[in-house]
Structure formats: structure tokens, C-alpha cells
Amino acid sequence: AWRDYALLVVLAAAALMAKHAVAIDDLFTAITPKLATLQNPNDVHFTSAGYDFLGQHVAASIATQLAAK
């Protein structure tokens with residue numbers, strides 16, 4: 001039930017962002033293949049390297065958007 005609701009929220013947010021041409025930086029997709037090395041075992045938090053990865057990903061995304069303007 002909550003997963004269905006979460007999916008609806010994500011889809012609604014994506015549609016709203018697309019409608020208003022707001023860029024989306026999909027960190028979930030970026031980090032998922034690397035969770036074994038970038039997330040603490042049995043934990044929801046990331047390692048230092050994981051936070052570095054996410055920060056670099058966000059910075060690159062922002063730089064791309066700024067360069068396009």
C-alpha cells in the first residue's frame with residue numbers, strides 16, 4: 001500500500017517537474033548500482049565515499065544546468 005502511494009507521489013512529482021521544465025537529478029538511479037560499496041551494511045546511511053559520490057553527482061548536475069542557461 002505505501003509503495004503504491006510512494007510511486008504515485010514520485011510520478012506526480014516527475015510530471016509536475018516536466019510540465020515546468022525543472023531539471024531532475026535522479027540520485028537513486030545513480031547510486032543504486034554502487035550501494036554495496038557506498039552504503040553502510042545493514043544501514044540506510046552512506047559511507048564517506050558514498051556522500052562524496054552523491055555530492056559530486058549533484059555538483060555535476062548543477063554545472064550542466066548552469067552551462068545550458
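Helices (H or I, at least four residues) and strands (E, at least two) are taken here as DSSP runs, numbered from the N terminus. The model is predicted, so local features need pLDDT of at least 70 and side-chain atom pairs count only at pLDDT 80 or more, while totals for chains, interfaces and linings use all residues. Residues are numbered from 1 along each chain as its sequence is written, and side-chain values use heavy atoms, with hydrogens and water left out.

The protein contains 4 helices and 0 strands. Its pattern along the sequence reads α-α-α-α. Confidence is expressed as pLDDT, the predictor's value for each residue, from 0 to 100. The mean pLDDT of the protein is 95. A value of 70 or more is reached by 100% of the residues. Confidence is lowest in helix 1, with a mean of 93. It is highest in helix 4, at 97. Where pLDDT is low, predicted coordinates should not be read in detail.

The overall dimensions were then computed. The radius of gyration is taken over C-alpha atoms, and the globule rule is 2.2 Å times the number of residues to the power 0.38. For 69 residues, a compact globule would have a radius near 11 Å. The protein has 15 Å. Its C-alpha trace spans about 40 × 40 × 15 Å along the principal axes.

Accessible areas come from the Shrake-Rupley method with a 1.4 Å probe; for residues, only the protein chains shown count as cover. The accessible surface of the protein comes to about 5,600 Å². Carbon and sulfur atoms hold 67% of that surface. Residues are classed as buried (under 20% relative accessible area), exposed (over 50%) or partly exposed (in between), with a 1.4 Å probe and protein chains only. Buried residues make up 9% of the 69 residues. Contact means heavy atoms within 4.5 Å. Among contacts with a separation of 6 or more, 28% join residues 24 or more positions apart.

Helix 1 covers residues 2-19 and includes A6. The relative accessible area of A6 is 29%, so this residue is partly exposed. A6 and F53 are 47 residues apart in sequence. Their C-alpha atoms lie 25 Å apart in space.

Most residues other than glycine have a negative phi. A21 has a positive phi, near 55°. A21 sits in the loop between helix 1 and helix 2 (27-31). Its relative accessibility is 70%, so A21 counts as exposed. N42 is not a glycine, yet its phi is positive, at about 55°. N42 belongs to the loop between helix 3 (35-38) and helix 4. At 87% relative accessibility, N42 counts as exposed.

T37 lies in helix 3. This threonine is exposed, because its relative accessible area is 60%. T37 and T47 are 10 residues apart along the chain. Their C-alpha atoms are separated by 8.1 Å.

Helix 4 spans residues 48-67 and carries L66. L54 also lies in helix 4. L54 is buried, because its relative accessible area is 14%. Leaving aside neighbours within four places in sequence, L54 is in contact with L27, I31 and F46. L54 and T29 are 25 residues apart along the chain, with their C-alpha atoms separated by 11 Å. L66, by contrast, counts as exposed, because its relative accessibility is 60%.
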